[in-house]
Amino acid sequence: MEISIAAEKLFMLGTLPVTNALFIGVLVSVLLVLITQRALTRWQSVPRGLQNVSEIVIDGVLGLLESIMQDRGMARKFFPLIATIFLFILLSNWIGLLPGLGTVGLAHENAAGHATIIPFLRSTSADLNFTLGLSLFVVITIQVTGILALGIGGYAKKFFVSPFHKPYVVGTLMGILELVSEFAKILSFAFRLFGNVFAGEILLTVMLHLVPYFIPLPFLFLEIFVGFIQAAVFAMLVAVFLKMATTPAEH
Amino acid sequence: MEALANLGIDWKLLLAQVVNFVVVLLVLKRFAYQPMLKLLDERTAKIEKGLVDAESASRKLSEMEMKEKAVLADARTEAKRILAETDEAAAKRDAAKMTETEARVKKLLEESENKIAEDRKKMLEEAKRELAGTVLMAVEKVLSEKMDSAKEKELIERNLN
């Protein structure tokens, strides 16, 4: 049993090391596109099968966004981003739970000379490169949205508050705290998702090694649930932060 | 940087993951969400239109029913009126005919009465005249004597009256 925080390298593509997490990321992307296209080509006015699922997802996400943003136009504008985040994370979380996860891979000899395998499957969310990249992308999107909605001056007022007005120094300190929290978002987004999914994978591996039959099952269900919750939490937080970024400062 | 490397963070991989995600986002936005939202909107519009249509149809139906009732009621009163008029006209015509007939019958009766009276008078006169001639002849025969006409006449008249 070998647990690696970093995603394992499968092969090199030019100078890019292709890891199992990146491989799964691409697989998830292709799956998402295929599933949605399949749902679309069979679209009927009376929903059936896959279309029902797509409609539930779309309606659910859109309804939730509208309740968060209190604005139909804004909800529809950010719907693609939020829905893609949710679906991508959900699918990559769940793919990591497929049985045989750690058993199919490349033969490999580790530093100590033991023969191990590098599994093909590793949830994309269990790789900091993905979670950190996604959280950077999301936080930058949030800042750009805030600046576009309020203007640079209006957006800056959230963070830089004059110490000579009503809440005086408290307001200024709060502003600086807000600024720090914007950067903290990058880390909290990245490590929350990574920590949950990676911990889940370790938990399942450990359980499988301790008791191979039946006992890991409840943990498998728990991880299915956690996979959904983390995807939803990530997407909802993005929505909430987008809403907050477009709301003018109340000083 | 050492800490980042220990966590397995490699900027090339990070960039690759972000690019991958953004490509999925753009593809899904263009080829999945927009058409799906459009279809959902279309269906919502269709359902709303259907509901409005159904409501207007049912309202129209009830309006029609009301109109139908009104028309029927109108027709009924009209029919009643026409019947009443016809009855009245018929009664009037009957009455007129009756009086006419009565008048004609009365006239006919009068005429026939007059004629009978005249005839009787005529017959009486004729009978009188004939009787007078007969009596005269009989008297002449019986008497076989000639009298002067003045005396004769006087005698006859006296006898007759």
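Colleague: How many cavities of 30 Å³ or more does a search of the whole structure find?

Modeller: The search finds 2 cavities of 30 Å³ or more, a cavity being a set of points on a 1 Å grid over the protein atoms alone where a 1.4 Å probe fits but cannot get out. This is a predicted model, in which local features need pLDDT of at least 70 and side-chain atom pairs count only at pLDDT 80 or more, while totals for chains, interfaces and linings use all residues. Side-chain values use heavy atoms, without hydrogens and water.

Colleague: What volume does the largest cavity have?

Modeller: Its volume is about 70 Å³, taken as the space filled by probe spheres set on the points, with grid points joined across faces, edges and corners.

Colleague: And which residues line the largest cavity?

Modeller: The lining, meaning residues with an atom within 4 Å of a point, consists of A:N93, A:G96, A:L97, A:S123, A:V197, A:E201, A:E223, A:V226 and A:G227. By class there are 3 nonpolar, 4 polar and 2 charged residues in that lining, with Gly counted as polar.

Colleague: Which helix gives the most to that lining?

Modeller: That is α6(A), with 3 residues, and both α5 (169-210) and α6 (216-246) of chain A supply at least two residues each; helices here are DSSP runs (H or I, at least four residues) numbered from the N terminus.

Colleague: Switching to the interface, how many residues of chain B are in contact with chain A?

Modeller: In chain B, 28 residues are in contact (heavy atoms within 4.5 Å) with 47 residues of chain A. The two chains bury about 3300 Å² between them, 75% of it on carbon and sulfur atoms, where buried area is the accessible area (1.4 Å probe) lost on putting the two parts together, summed over both. B:Q17, B:F21 and B:M36 supply 21% of the area that chain B buries against chain A, more than any other three residues.

Colleague: How many salt bridges does the rule find there?

Modeller: It finds 2 across the interface of chain B and chain A, the rule being a side-chain nitrogen of Lys or Arg within 4 Å of a carboxyl oxygen of Asp or Glu. In one salt bridge, the side chains of A:E55 and B:R43 meet at 2.6 Å, N to O.

Terms used. Residues numbered from 1 in each chain as written. Chains lettered and ligands numbered in written order. 1 Å grid on protein atoms, 1.4 Å probe; cavity = no way out; pocket = protein on both sides within 12 Å on 5 of 7 lines; lining within 4 Å.
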